[in-house]
Amino acid sequence: MMDYYLEESFKMRNLLEEFESEKYGNRKPTILRFREHIFTRSVSSLAWFLSYQRSSFLTIGQRVLASHLKVEFHFDHQDIFDRLFHITRGGISKASKVLNRNEGVFSGFNSMMRGGSVTHLEYIQVGKGLDVVGMNQISTLEADVASGYGEQTLSRDIYRLGQRLDFYRMLSLYFTTVGFYFSSMVSEFLMQPKDFWPSG
């Protein structure tokens, strides 16, 4: 559930001017991302915790990815697309038999492979309401995120990006897809007591 504030609508002209701004040089942004204000954080303690988790993982993490690497590997975040750029380069959505769980990530993949870039803006924000207020909803959300990362791993886009990205962008691609879960699994195994491991 998305919300918009009246005072933020006055900034829309400045936001759209970013697509043609000269400060980005030759690689003008094709996707603009901005902050979110989660207004459902006061519903429960879990909602409060999840809102801070999203702020650290999505907003702060996206600042680093956008300002240094000009990439977008996260989904479920606020963004505005350069429609003409994306429609003339194959569109935004991916054709699939089942529900595509993270079209935002695939559109970021397409944008990067076709010469676009992503930037993150701080001067505008939108409201967001999350229905994740209990353990069941959080579990469902985590399963949705994990299945989306699995869908990315099986796509051809990862192979194509692997041939075109430099080392640092490849690291960001790895740790924002399947590498996050692999690294978490290795960390969990290494923190187990000594008698957890088989002898021999």
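What follows is a short exchange about the terms used for this structure.

Guide: This is a predicted model, in which local features need pLDDT of at least 70, side-chain atom pairs count only at pLDDT 80 or more, and totals for chains, interfaces and linings use all residues. Residues are numbered from 1 along each chain as its sequence is written, and side-chain values use heavy atoms, with hydrogens and water left out.

Visitor: How many helices and strands are there, and what makes a run of residues one or the other?

Guide: The protein has 9 helices and 4 strands. Both are DSSP runs numbered from the N terminus: a helix is H or I with at least four residues, a strand is E with at least two. Along the sequence the pattern reads β-α-α-β-α-β-α-α-β-α-α-α-α.

Visitor: Why is glutamate 18 called buried?

Guide: Buried means under 20% relative accessible area, exposed means over 50%, and partly exposed lies in between (1.4 Å probe, protein chains only). Glutamate 18 has 7%, so it is buried. This residue sits in the loop between helix H2 (12-17) and S2.

Visitor: What makes the pairing of glutamate 18 and tyrosine 24 a polar contact?

Guide: A polar contact is a pair of N or O atoms within 3.5 Å; within protein, one must be able to donate a hydrogen and the other to accept it, and residues adjacent in sequence count only if both atoms are side-chain atoms. The side chains of glutamate 18 and tyrosine 24 are joined at 2.6 Å, so the distance meets the limit. Glutamate 18 also makes a side-chain polar contact with lysine 23, at 3.5 Å.

Visitor: Is glutamate 36 buried or exposed, and where is it found?

Guide: Glutamate 36 has 10% relative accessibility and therefore counts as buried. Its place is strand S2 (residues 31-38). Glutamate 36 and glutamine 125 are 89 residues apart in sequence, yet 5.2 Å apart in space, C-alpha to C-alpha.

Visitor: Which helix gives the most to the nonpolar patch?

Guide: H9 does, with 6 residues. Helix H8 (167-175) and helix H9 (178-190) each supply at least two.

Visitor: How much of the protein is buried?

Guide: Buried residues make up 39% of the 200 residues.
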